[in-house]
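Open the model in your viewer and keep the selection tool at hand. This tour goes stop by stop.

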Amino acid sequence: MTKRVLKRILMLIPTVIGVSFIVFLLFYLSPGDAALAKAGPNAPKEVIEALREKMGLNDPFLAQYLRFLKGLIFKFDLGTSYISGSSVTKTLLAVFPNTLKLTGFSLLIAVFFGILLGVLSAVNRGTFVDKFVMIFSMAGIAMPIFWTGILLILLFSVKLRWLPPSGFSSFKAMIMPAFALGLQSSAIIMRMTRSSMLEVLNQDYIETATAKGLKKQKIIFIHALKNAMIPIITTIGLQAGGLLGGSVLTETVFSIPGIGRLMVESIKTRDLPVVLGGVILISICYSLISIIVDILYGFIDPRIGRD
């Protein structure tokens with residue numbers, strides 16, 4: 001397990017380099033001008049050209065990218081924002097807690113309802129409960145995050161006026177964004193839990209435990225669910241990474257000052273350093289989630305954790 005974790009940590013280096021190169025190339029090839037966005041559309045051409053020279057935008061692509069990579073590798077510096085002139089690292093760290101809070105709260109909702117409904121559906125296979133849960137899961141998967149957020153705002157903020165339509169400063173303000181972001185993941189986890197539980201419930205040792213007179217709750221949650229957790233944890237890990245990506249839309253809809261919203265605003269103004277920093281931070285978090293999933297495998301099944 002230790003060797004596997006070390007290998008995954010070392011893989012972060014080529015992952016960050018690869019991701020940063022792709023984002024840098026896409027920005028370089030796409031239309032738009034950060035100097036024009038900073039100076040304003042009415043600025044004289046001489047001012048815009050001077051800004052381009054000062055920001056290094058007139059340099060060749062490779063020179064610009066290697067300059068960024070040098071600062072990242074040797075100084076752990078993500079650079080300076082083209083628009084605000086502030087440190088990208090400090091800018092990202094100022095809003096990252098909100099994104100982390102949103103993702104964590106959404107993941108808790110997704111895991112709780114996903115596993116609970118998945119187990120409930122598997123245990124009651126073929127019944128009304130099973131059919132209801134399956135319909136709910138299909139609706140959750142089909143509904144895009146953006147429209148889920150809009151519908152929640154219209155219902156609970158505009159119509160019922162129970163919850164604030166934007167912000168993230170209180171528990172009430174966190175409820176709708178977390179549900180909007182976690183609903184789809186909850187449905188996916190639920191379907192995997194149901195599938196995995198059905199496979200385990202058909203095993204001989206479950207029938208033996210039932211024949212011995214063990215309580216149904218103990219059989220389901222101690223024996224069956226534990227042995228069904230490997231594919232469920234894999235799904236949870238993938239969804240945790242997906243929630244980080246989904247935060248871009250959720251933060252925009254609910255006006256949450258997080259990394260996702262910051263990246264959307266930076267894309268509009270062609271602020272490449274901020275976008276690069278956000279993508280790198282999210283890719284590192286995604287890789288760390290994969291490492292955590294690997295470690296959890298070892299706790300659930302010690303055979304997987306052997307070097």
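The stops below cover an annotated domain, salt bridges and aromatic pairs.

Keep in mind that the model is predicted.

**Stop 1: the annotated span**

Select residues 96-297. An unreviewed UniProt entry annotates this range as "domain: ABC transmembrane type-1". Colour it by secondary structure: the span is 84% helix and 0% strand. Its end C-alpha atoms lie 28 Å apart.

**Stop 2: the salt bridges**

How many salt bridges does the structure hold? There are 3.

Start with Asp 130 and Arg 194. Their side chains meet in a salt bridge, at 2.9 Å from N to O. Show the helices around them. Asp 130 sits in helix α7 (residues 128-142), while Arg 194 belongs to helix α9 (residues 171-201), so the bridge ties together parts 64 residues apart in sequence. Are these two residues buried or exposed? Both Asp 130 and Arg 194 are buried.

Next, select Arg 67 and Asp 59. This salt bridge also has an N to O distance of 2.9 Å. Arg 67 is partly exposed, with a relative accessible area of 42%. Asp 59 is partly exposed too, at 27%.

Now go to Arg 261 and Glu 265. Their side chains form a salt bridge at 3.4 Å, N to O. Arg 261 is partly exposed, with a relative accessible area of 28%. Glu 265 is partly exposed at 40%.

**Stop 3: the aromatic pairs**

The structure holds 13 aromatic pairs. Select Phe 112 and Phe 113. Their ring centres are 5.1 Å apart and their planes meet at 85°, so this pair is edge-to-face; the cut-off for that class is over 60 degrees.

Which helices does the pair link? Phe 113 is in helix α6 (residues 88-123) and Phe 179 in helix α9, 66 residues apart. Phe 113 counts as partly exposed at 32% relative accessibility. Phe 179 is partly exposed as well, at 37%.

**Last stop: an aromatic cluster**

Select Phe 21, Phe 24, Tyr 28, Phe 61, Tyr 65 and Phe 68. Together they form one aromatic cluster.

Note on methods: Residues are numbered from 1 along each chain as its sequence is written. This is a predicted model: local features need pLDDT of at least 70, side-chain atom pairs count only at pLDDT 80 or more; totals for chains, interfaces and linings use all residues. Side-chain values use heavy atoms; hydrogens and water are left out. A salt bridge is a side-chain nitrogen of Lys or Arg within 4 Å of a carboxyl oxygen of Asp or Glu. Buried means under 20% relative accessible area, exposed over 50%, partly exposed in between (1.4 Å probe, protein chains only). Helices (H or I, at least four residues) and strands (E, at least two) are DSSP runs, numbered from the N terminus. UniProt positions are given in the numbering used here, feature names are shortened, and annotations may be inferred rather than shown by experiment. Rings of Phe, Tyr and Trp (its six-membered ring) pair if their centres lie within 6.5 Å; planes under 30 degrees apart count as stacked, over 60 as edge-to-face and the rest as tilted.
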